[in-house]
Amino acid sequence: MPSTSAASPEHLAHQALTRYLELCDVPRPPDASGTLADLFTPDAVWEGVGPLYTEKFGRTTGPAAIAAMLSAYLPPNPHFRANAHLLHPGTTHAEGDKVRGRWLMQQVSRYESGAAELIVARLDVTFRVAADGARIRHFRTERLFDAGLGPSASDLLQEAPR
């Protein structure tokens, strides 16, 4: 892996976003390290935008508050049985110590209730880049699409008569 000093600001921002998504996956990948709060600047803002997320998520400020809000959905809290984020190629633009990126993200989730859904969201994220890497300064997510999914193969096997 290249050293942080050799990586472009855009690459560092992409690494930070990828790490954020890994820390929100359930189960978490075994090599995902650190905490959600580590990924945000001291003045960070996380917000839901658009008609489906403004009211649901609102606006949260500060790394500790953002990490607490996100952690309410993650183990050991009973929300997801499984949750995976798929990040599509996006666009990034660096200016000084800031990088702004826009991506489409798919989230596939199975909840503790057994229900499952696919969500597509637009991410608009601003990062602050320093010698030690990129941190999220402003994270915006807008839900664009969702669809319920049927039972999983393992659920069907558990229900099948023997």
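## Pockets, salt bridges and a nonpolar patch

Val108 sits in strand β5 (residues 98–111), where strands (E, at least two residues) and helices (H or I, at least four) are DSSP runs numbered from the N terminus. This is a predicted model, in which local features need pLDDT of at least 70 and side-chain atom pairs count only at pLDDT 80 or more, while totals for chains, interfaces and linings use all residues. Residues are numbered from 1 along each chain as its sequence is written, and side-chain values use heavy atoms, with hydrogens and water left out.

**Surface patch**

- Val108 counts as partly exposed because its relative accessibility is 32%; buried means under 20% relative accessible area, exposed over 50%, and partly exposed in between (1.4 Å probe, protein chains only).
- Together, Leu86, Val108 and Leu149 make a nonpolar surface patch of about 220 Å².
- Patch members have over 30% relative accessible area and no salt bridge, with nonpolar side chains (Val, Leu, Ile, Met, Phe, Trp, Tyr) joined within 5 Å and like charges within 9 Å.

**Salt bridges**

- The count comes to ten salt bridges, each a side-chain nitrogen of Lys or Arg within 4 Å of a carboxyl oxygen of Asp or Glu.
- Arg137 pairs with Asp43, their closest N and O atoms being 3.1 Å apart.
- That pair links distant parts of the chain, with Arg137 in strand β7 (residues 133–149) and Asp43 in strand β1 (residues 40–49), 94 residues apart.
- Asp124 forms a salt bridge with Arg140, with 3.5 Å between the closest N and O atoms, and both Asp124 and Arg140 are buried.
- Asp146 bridges to Arg143 at 3.3 Å between the closest N and O atoms.
- Shared partners join Asp43, Arg128 and Arg137 into one salt-bridge network.

**Pockets**

- A pocket, on a 1 Å grid over the protein atoms alone, is an open set of points where a 1.4 Å probe fits, with protein on both sides within 12 Å along at least five of seven lines; lining residues have an atom within 4 Å of a point.
- The largest pocket has a volume of about 380 Å³, and of its 24 lining residues, Tyr53, Phe57, Phe80, His85 and Gln107 lie nearest its centre.
- Strand β6 gives the most to the lining of the largest pocket, with four residues.
- The second largest pocket holds about 250 Å³ of space and has eleven lining residues, with Gln15, Ala16, Arg19, Leu39 and Ala134 nearest its centre.
- Here α1 gives the most to the lining of the second largest pocket, with four residues.

Notes. Accessible areas come from the Shrake-Rupley method with a 1.4 Å probe; for residues, only the protein chains shown count as cover. Grid points are joined across faces, edges and corners, and a volume is the space filled by probe spheres set on the points.
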